[in-house]
Every structure is written in structure tokens, then in C-alpha cells.
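Open the model in your viewer and keep the selection panel at hand. The stops below say what to select and what is there.

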Amino acid sequence: LFFVLALICAFIKARNHSFLTGKTIEDMLKNYSTTITLSLGMMSVLLIGGIDISVASSLAFSGMCASLLMREGVYSSTLVMFLVSIAIGTLCGLLVGSVIAYGQVIPIIATLGLTNIFRGATYLVSDSQWVSAYQFQASFKQFAQTNTLSFGLMNNLIFIALICYAVFFVVMRWTRFGRRIYAVGSNPEAASISGIRIKRIKLVVYTMMGSFSGLVGAMYTALYASAQNDMATGMEMDAIAACVLGGVSLSGGQGSVVGVLLGALTMTVISKALPLIGISQFWQRAIKGLIILLAIIINILAQRALQKNQLKAREI
């Protein structure tokens with residue numbers, strides 16, 4: 001995928017020389033840091049063989065609630081704003097996880113229903129109104145445009161995304177919890193026999209996905225300096241696409257943090273590059289959909305080939 005990404009960048013650079021300049025790269029990563037971060041949470045859900053299409057709605061609900069509290073003067077701190085949004089998102093994820101793990105509801109059905117619930121709740125709490133830029137604290141609006149967290153090295157939102165990936169890389173590669181996530185997705189029966197509490201793992205993973213939604217909700221409102229009821233609509237599909245492009249199996253048990261990062265960067269480059277080479281916005285969604293479809297087909301074919309090789313190896 002790294003070489004595919006390099007080829008795409010080279011092609012776009014040849015068509016538009018303004019692409020891949022220092023400023024362009026920073027703006028591109030900053031503007032898509034929300035999708036890049038959300039993809040990491042989606043990875044954990046897909047690894048256990050689940051799916052969560054309610055993340056964009058819980059993101060909007062978390063970001064809106066936290067923004068309304070700042071507008072009303074409950075707090076003025078950027079840190080508190082982020083913590084409140086993460087807390088609300090975590091509660092949303094806990095609800096999703098409870099319905100799926102202990103309610104035994106199929107993930108796609110549960111998250112489809114909760115998508116409408118969270119989005120409807122966003123309209124209700126805001127009374128269908130926006131939170132505009134002038135209603136936010138100046139420090140919060142400046143947060144997405146400055147680089148204070150990294151001591152001047154990179155934009156704050158990019159830094160947050162990289163920290164999340166670094167922490168998640170360690171968790172998934174070298175901790176017992178990470179191994180249990182892979183085990184649940186690879187073979188639930190064997191995981192249960194080995195003593196892994198599958199329901200608890202599912203609950204924790206979906207709750208963690210909610211935390212990511214809350215974090216991205218705060219990032220999103222800071223980036224655009226506004227909170228809208230329909231914000232982040234469709235972002236869940238971009239997150240799923242990034243995971244699939246990065247090699248995460250839709251049936252669970254396979255995928256890596258590095259692969260998801262490359263997949264997210266690929267989606268970022270495609271989203272940024274298509275307008276630069278003059279492709280209409282109406283075609284952009286079709287092209288992204290085609291990329292997702294091709295990635296899924298390649299993913300399925302690769303899994304089948306791997307399974308055949310494993311069967312042959314066992315026979316030998």
C-alpha cells in the first residue's frame with residue numbers, strides 16, 4: 001500500500017505541481033486528521049468482527065453537547081471541552097457495546113438504529129440550531145490552527161492523531177488486551193475456551209470506539225469553529241474504507257495499525273487530490289466508492305488465497 005500511495009502522489013504531482021508542497025501537506029493532514037483518527041477506532045471494532053456505522057452520529061452528538069456547554073459559559077477551557085466531548089462519546093459507545101454484547105443484537109442492526117437515535121438527539125439538544133464561531137472561546141478556535149502541543153513541530157490536530165496511533169500501536173502489538181482483540185475476531189469459540197470474556201471485550205471495544213468519536217467530535221468543532229447538526233455525515237464510510245484499504249479484514253482478526261495509517265493517508269490523498277486535478281465533486285464520491293469496492297474485493301480474494309495456503313500447509 002505504501003508503494004500504491006507513492007504512485008498516486010507522483011501521478012497527482014505530475015498533474016498539479018502545487019500538490020505535496022509543505023503547506024499543502026500540513027493543510028491536508030490537518031483537515032483530514034479527524035478521519036485519520038476515527039479510522040483507528042474503527043479498526044478495533046472491525047478486528048473483533050463487528051462494525052459501527054453510528055460513529056458519525058455519536059461524533060456529532062458529542063461535539064454538539066460539548067459546544068453547547070461552552071456556548072452557555074459552563075466552561076471556557078479547551079482541555080475541559082475535549083474531556084467533556086470524550087466523556088459523552090464514551091457513554092454513547094458504552095450504550096452501543098451494551099446493546100451488541102449483552103443484548104445480542106447484530107452490530108449492523110444495532111448501530112443503524114442508534115445512528116438515527118444519536119443524530120435525532122443532536123437536533124433535540126441543539127433545538128436545530130448551530131453553534132457558530134463567535135460563540136466559542138478564542139483559545140478553542142485557535143487550538144486547531146496552532147502547534148503548541150508539539151512545541152512548534154506540527155499542528156495540534158495532527159499531533160493528537162499521531163499520538164493516538166503511537167499508543168494504539170503499542171497496545172495492539174505488545175499488550176494482552178490487544179492480543180485478546182485479535183483472538184476474539186479470529187476465532188470466538190477458541191477465545192472463549194481459552195478463558196477470554198468475549199462479551200466484555202466487545203463492550204470495551206465499542207466503548208473505546210465511542211471515546212474516539214468524542215475525541216474527534218471536539219477536533220471537528222475546533223477545526224471548523226462551528227458545531228452543526230449534520231456534521232461528519234458519511235465520515236463512518238471513510239473510516240471503514242481506510243481500514244479496508246489498510247488490510248483490516250471485515251470478518252475480523254486481521255489488520256495492523258500501520259496498515260490503517262497508510263489506508264487513512266491514501267483516502268486523505270485521494271480526497272485532496274481529486275479536486276486539484278479538476279474532477280467534479282459528483283464524480284469524487286463515485287470514485288471513492290469504487291475504490292472501497294475494489295479494496296473489499298481484493299481483501300476477500302487475499303483471505304481466500306491465505307485460507308487455501310493454510311489448508312495445503314496442514315495437509316502437507
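Contact here means heavy atoms within 4.5 Å. Helices are DSSP runs (H or I, at least four residues) and strands likewise (E, at least two), numbered from the N terminus. This is a predicted model, in which local features need pLDDT of at least 70 and side-chain atom pairs count only at pLDDT 80 or more, while totals for chains, interfaces and linings use all residues. Residues are numbered from 1 along each chain as its sequence is written, and side-chain values use heavy atoms, with hydrogens and water left out.

**Stop 1: helix α2**

Select residues 22-31, which form α2. Which residues of α2 are buried? They are Thr24, Met28 and Lys30, where buried means under 20% relative accessible area, exposed over 50%, and partly exposed in between (1.4 Å probe, protein chains only). Seen down the axis of α2, these buried residues fall within an arc of 165°, so they line one face of the helix; the arc is that of the directions from the helix axis to the C-beta atoms. Show α3, α8 (156-174), α11 and α13 as well: they are among what covers the buried residues of α2.

Now select Lys23 and Asp27 in α2, which lie 4 residues apart, about one turn of the helix. An α-helix has 3.6 residues a turn, so residues three or four places apart point the same way. The side chains of Lys23 and Asp27 form a salt bridge at 3.6 Å, N to O. The rule asks for a side-chain nitrogen of Lys or Arg within 4 Å of a carboxyl oxygen of Asp or Glu, and it gives a count of 2 salt bridges. Lys23 is exposed, at 55% relative accessible area.

**Stop 2**

Select Arg71 and Glu72, whose side chains meet in a salt bridge of 3.1 Å, N to O. Glu72 is exposed at 53%, whereas Arg71 is partly exposed at 31%.

From Arg71, move to Trp130, which touches Arg71, Gln135, Ala227, Gln228 and Asn229, leaving out residues up to four places away in sequence. Trp130 sits in the loop between α6 (107-126) and α7 (138-143). Its relative accessible area of 49% makes Trp130 partly exposed.

**Stop 2**

Beyond its neighbours up to four places away in sequence, Thr111 touches Ile51, Asp52, Ile53, Ser54, Val96 and Ile100.

Next select Thr115, also found in α6. Thr115 counts as buried at 16%. With neighbours within four places in sequence set aside, Thr115 is in contact with Ile53, Ser54 and Ser57.

**Stop 3: the largest pocket**

Center the view on Thr233, Gly234, Asp238, Arg285 and Lys288, which lie nearest the centre of the largest pocket among its 25 lining residues. A pocket is an open set of points on a 1 Å grid over the protein atoms alone, with protein on both sides within 12 Å along at least five of seven lines, and lining residues have an atom within 4 Å of a point. The volume is about 610 Å³.

Color α3 (33-47), α11 (198-224), α12 (235-245), α13 (257-276) and α14 (281-315): each supplies at least two residues of the lining. α14 gives the most, with 6 residues. The lining divides into 11 nonpolar, 10 polar and 4 charged residues.

Definitions and conventions:
On a 1 Å grid over the protein atoms alone, a cavity is a set of points where a 1.4 Å probe fits but cannot get out, and a pocket is an open set with protein on both sides within 12 Å along at least five of seven lines; lining residues have an atom within 4 Å of a point. Grid points are joined across faces, edges and corners, and a volume is the space filled by probe spheres set on the points. Ala, Val, Leu, Ile, Met, Phe, Trp, Tyr, Cys and Pro count as nonpolar, Asp, Glu, Lys and Arg as charged, and the others, Gly among them, as polar.
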